[in-house]
Structures are given as C-alpha cells and as structure tokens.
Amino acid sequence: IWVQFFIIHDDRIGRELADRLVAASRRGVECRVMFDQVGSKSLPASWSARLRQEGVLVQSFVTNRQFGRRFQINFRNHRKLVIVDALVAFLGGLNVGDEYMGRSKRFGPWRDTHLRVEGPAVAGFQLSFLEDWNYITGEVPPFRLPKPSVQTLPSPVVFPVASGPAEDWSICPAVYLSVINSATRRLWIASPYFVPGSPLFYALCHAAIRGVDVRVILPQMADHLLPWLSSFTYYPKLREAGVKVWRYQPGFMHQKVLLMDDRIAGVGTANFDNRSFRLNFEITLLVDDPAFASQVGQMLQADMRRSRQVSTQEMDNKPVWFPLAMGIARLFSPML
C-alpha cells in the first residue's frame, strides 16, 4: 500500500488511516506513506512515530532538504495518491482531514471528486510515486506491473499526467492548452481556485469566442483570501468573451475537474491556477471515453444546479474597497 497526500491531519480520519495502515503492516503488507512537509505542517511527530514502530515506512516531502540547494520552500507536493497491490489507484481532490469529510463547522458540506482506477494505467501512477520516493530517500522501491487480463469489452483510454517544477517542460499547462484548443462544443471546468496564466486564460476566452460553451464553476466560499479575490479580476474579460461563471453555494467546492465536448474528462489534483501549473507537483488523469464523459457531464450539471450563475452586474454591486483589494491580490497571482 503506497499512500501520498499533500495534507494529513491527526484527527478522526487521520487516525483511522493510521489504524488501517498498522493493521495492514501487521498482516505482512508493505506500507509506505509520504506527505508534504508544508501541507502537513500541523501533523505531530507522534503520528509518524506510531506507524514507524509498526513497520510502516513514512517520509515527508520537502524540496530544500539537501544542503546547498537553492531556496525552494515555495515548491510543494500537492499529489493525493493511493496505490494498492499495483492493481488499484485512487486520486483526486481529497486530502486526509475531517474537513474533507464534511465535518468542519467553518466549511460545512465539502464537495470534492476522487477517482478509482484499475488496469495498466496504475503503472503510470506507480512511476510518479517512485520518483517522489526516490527523491527524498535515494531508494527505488520495486516496480510491479499489473497482471495482464483478457477483456471482451472496450475499455477507456486513460492518460496519467504527473507534472511538477522538476520537469524540463511545463507538462500540465501544455496538456490543458491542448484540450482547450481542441474543444468544439463545450468546455466545463470546476476548480476551487481560478488564477490562470495568460496563455490558458486567453485560450478559454478564445474558445468561447469561437462558439464553445465555456463554463467555470468556482466556490462561493473562500478558504484562501488572495486567490479568491484575484479570481474576480478575470470577470470582465470572461464576460466579454462569453464565458459563464458559476459560484457553488453549499459549503466548499474543492474538486478539480475538466470536461471537453462529449469525449475527454479529467480528474486530479491540479487547480486552474499558476501554482498548480508551475510550482506544485501534481497528478491528473485524462480519460478518453464518451460514457465516462457523460457521467462527468451529469455530475457537473448537478453542481451547477447547486450554484449561482454570476450576473453581468456582479462587479457593479461590490463595495468601493473591493476593486482595490482585487488589484492587490492580482499582483501576487504568479505565486498563487
């Protein structure tokens, strides 16, 4: 069992995870756990110590661990990944914390999307985990190919996308640009943060101008003030181009989902912002399958029914200080 999360809390769900890893280790299962040191800064050392005493291998991910490495505290491993027996992988927006289970008084109901994957694509997720583990330990765990199976029905074509600042090329924005520029009918995006760089932002606008139904679903509630404020600065151009913006109402929406036409859908950890595209280590799965795209489309339609479409007068009704706050937040957009 290989477990990797950006955030792990020592709360109810965090202790439940630890209990299950301890039980698995006691019955002879090799267990490895990796978490980001920044995202999991509140995780006490006792949580990891208990697992290590039971034979679970636990590591924290930090990019400036090695002496002499340039200042890299801004890079974070944002991946959320669980791999079991090299056969099944889980990925998406959920971290390990009670708030992700809807137990937070501050956030209330939590809206997220996670994915279960089986088959040959699990090998791609293994490689992502192995690279991260090797970076922080120097060790290369054994790579296990999924057992081949004979299928009589066609299966979806899936494409694991592991991206991060250590890559020679900016893979994540390149993939998103390709999908956006290929859209002919609809392009729906759900993300908790909307702070894209210029190429992605104008690709969205140009898609709407050429007649694509472009919709962006964002949360009404703010968990981080600067990116929430910065997202409003994009409204005028989005409105001019014909992009429709929706604000999800009940609780907090944290899912990262992309839908293109009736064919391509993506679920993963990457937000639609500069941080995910340039600074974070992320993992996303694109699926080329009309049946899956239809399910994702129905899911997003249900989310829009729980959302409020932003009107053209949205910015006109804001208090006088709001544009100033937006502008200040936009100054930090390359780092958000």
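Predicted model: local features only at pLDDT ≥ 70, side-chain atom pairs only at ≥ 80, totals over all residues.
Author: A cavity is a set of points on a 1 Å grid over the protein atoms alone where a 1.4 Å probe fits but cannot get out, and its lining residues have an atom within 4 Å of a point. Residues are numbered from 1 along each chain as its sequence is written, and side-chain values use heavy atoms, without hydrogens and water.

Reader: What is the volume of the second largest cavity?

Author: By this rule, the count of cavities of 30 Å³ or more comes to two. The second largest cavity is lined by Y176, I189, A190, S191, K256, V257, A270, N271 and F272. Its volume, the space filled by probe spheres set on the points, is about 40 Å³.

Reader: Are α4 and α5 roughly parallel or roughly antiparallel to each other?

Author: Helix α4 covers residues 171–182 and helix α5 covers residues 198–209, and they pack with their axes 9 Å apart at an angle of about 10 degrees. Angles under 35 degrees count as roughly parallel and those over 145 as roughly antiparallel, so α4 and α5 are roughly parallel.

Reader: What is the mean pLDDT of the protein chain?

Author: Over residues 67–71 the pLDDT is below 50. Across the protein chain, 86% of the residues reach 70 or more, and the mean pLDDT is 89.

How values were computed. Axes fitted to C-alpha atoms, helices over the stretch in contact; angles between N-to-C directions. Helix = DSSP H or I, 4+ residues; strand = E, 2+ residues; numbered from the N terminus. Parallel < 35°, antiparallel > 145°, perpendicular 65-115°, else oblique. pLDDT = per-residue confidence, 0-100. Contact = heavy atoms within 4.5 Å. 1 Å grid on protein atoms, 1.4 Å probe; cavity = no way out; pocket = protein on both sides within 12 Å on 5 of 7 lines; lining within 4 Å.
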